[in-house]
Structures are given as C-alpha cells and as structure tokens.
Amino acid sequence: MKISKLILLSLLFIGCKTEKKEVKPAAEKTYTLVEKIANAHGFKAWKNVGELRFTFNVDRDSSHFERSWIWDIDNNQVTSMTQNDTVTYQRSQRDSISHAINGGFINDKFWLLAPFNLVWDKGNYTYEHHENVVAPLSQKPMHKLTMVYGSEGGYTPGDAYDFFFGDDFLIKEWVYRKENQPEASLVTTWEDYIEKGGLQIAQTHTNEEGFTLFFTNLEVKKK
C-alpha cells in the first residue's frame, strides 16, 4: 500500500510539473493616424534626445535670414544665437524679451518638428483626414490631414495646416493657412530628409515662388 501511494504521488507530481500554462501574446498597441505620422518621423526616439541644435535659414529672392538655436531639453533651456546677440533663457521663466524670442523658437521648432506637434499639441487642435487628394505642388494624389488650432492660446491661435503624405506617413508637402482662411498663406515641400539620432527630419522646404526654408548645423545629442 505504501509503495502504491508513493507511485501515485510521483505520477501526480510529474503531471503537475510537466503541465504548461498557455502564454497569451501581448496585444499590439493600436496607433492613431497622427501617432503613425509622428512615429514615421522618429517620434519614438525623441525620449532619448537630450539636446537639439539647429540653424533656421530662409532665402527669399536675393535676401537671406538665419538664426541658430540650442535646446537643452532636460532643463527646458533655450539659447538663441543671431548675428547681433546671444540670449539664454528658461522657457518656464520668461520676461518680455525672452517671450518675444521664444516666439521665434516656437516657429522654427515647428518647421523642424511639426509631425511631433501632432502628438505634443493633442487636445489643442482638431483634425480631418482625406485620401486621394491632389497635392498642391506635385499634383500627385496623397493623403491629406488638416489640423486647425483652437482660437485661444499660443502665438498663432486659429491657424490651420494641411499635411500631404504618402502611405509611408512621411510628409511630402504642406499648406499653412493663417487663421484657417480658405486661401493658402504659404505652400512648400517637405524634402531632403536626413536621419539624426533616430529622428527623420526634412531639411528643405521650398516652392516655385523663390522661397526656400532650410536647416543647417543640425545636431541631435542623446541623453
């Protein structure tokens, strides 16, 4: 009897030991359209960026304008460098002078990282998505996402942007419409993409009217 009990217990132990639990695969995250656009431009790598440096340039006909920026992201500190002056300020503690300078930083940073603002500014804008819309410059059918900012807050409330992009979610052209007016205020390409620190950045924005906006001295430093 004792031997039989020992055999029975051994069989039960073996049965328990070899039983495998079914492991269910983790559900994949479902991304919204704006997140897919941001991710195509490297948004997932942004958490690893500690400092961003770039020079914002604009050529219009025979004139040239430029200003450079250093953005210490962890400390939320910005350094503005122009031909005449260099100013460093905390974005959370601004006086009248730095507030005006920060307006330029917001503008230049938006041109550089507009796809990320689709995530950062969530709740501050509404958007619509349409397929097979003819892009204004290339005349090719693309996806079109229109974002319209709210009428309060920010430096340019109520402005609208039409992003034109392909199935890869990379922006190819865009239209800026001041205060959501029907007519375009500015239309440019998004081209000359470069990878920096995992970010996909369009270095050049141009149109047929002699306007070219481009970035130089682009550096992405990881944390």
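Rings of Phe, Tyr and Trp pair if their centres lie within 6.5 Å, with the six-membered ring used for Trp. The exercises below concern a predicted model.

**Exercise 1.** Find which residues are linked by ring pairs into a cluster.

*Solution.* Start with the total: a search of the whole structure gives 23 aromatic pairs. Then follow the links from ring to ring. The cluster made by ring pairs consists of Phe110, Trp111, Tyr125, Tyr127, Tyr149, Tyr161, Phe163, Trp174, Tyr176, Trp190 and Phe211.

**Exercise 2.** Classify the pair of Phe43 and Phe116, and state which parts of the chain the pair ties together.

*Solution.* 
1. A pair of aromatic rings is described by the distance of the centres and the angle of the planes.
2. For Phe43 and Phe116, the centres are 5.2 Å apart and the planes stand at 70°.
3. Planes over 60 degrees apart count as edge-to-face, so the pair of Phe43 and Phe116 is edge-to-face.
4. Phe43 sits in the loop between helix H2 (33-40) and strand E1 (49-60), while Phe116 belongs to helix H3 (residues 96-120). The pair therefore ties together parts that are 73 residues apart in sequence.
5. Phe116 has a relative accessible area of 2%. Buried means under 20%, so Phe116 is buried.

**Exercise 3.** Is Glu51 buried or exposed, and what does Glu51 touch?

*Solution.* 
1. Glu51 is located in strand E1.
2. The relative accessible area of Glu51 is 17%. The limit for buried is under 20%, so Glu51 is buried.
3. Leaving out residues up to four places away in sequence, Glu51 touches Ile70, Trp71, Ile73, Glu219, Val220 and Lys221.
4. The side chains of Glu51 and Arg53 make a polar contact at 2.7 Å.

**Exercise 4.** Describe the protein as a whole.

*Solution.* Count the elements: three helices and twelve strands. Next take burial: 39% of the 223 residues count as buried.

Technical notes. Residues numbered from 1 in each chain as written. Predicted model: local features only at pLDDT ≥ 70, side-chain atom pairs only at ≥ 80, totals over all residues. Heavy atoms only, no water. Phe/Tyr/Trp six-rings, centres within 6.5 Å; stacked < 30°, edge-to-face > 60°. Helix = DSSP H or I, 4+ residues; strand = E, 2+ residues; numbered from the N terminus. Buried < 20%, exposed > 50% of the residue type's maximum accessible area, 1.4 Å probe, protein only. Polar contact = N/O pair within 3.5 Å; in protein donor to acceptor, adjacent residues only side chain to side chain. Contact = heavy atoms within 4.5 Å.
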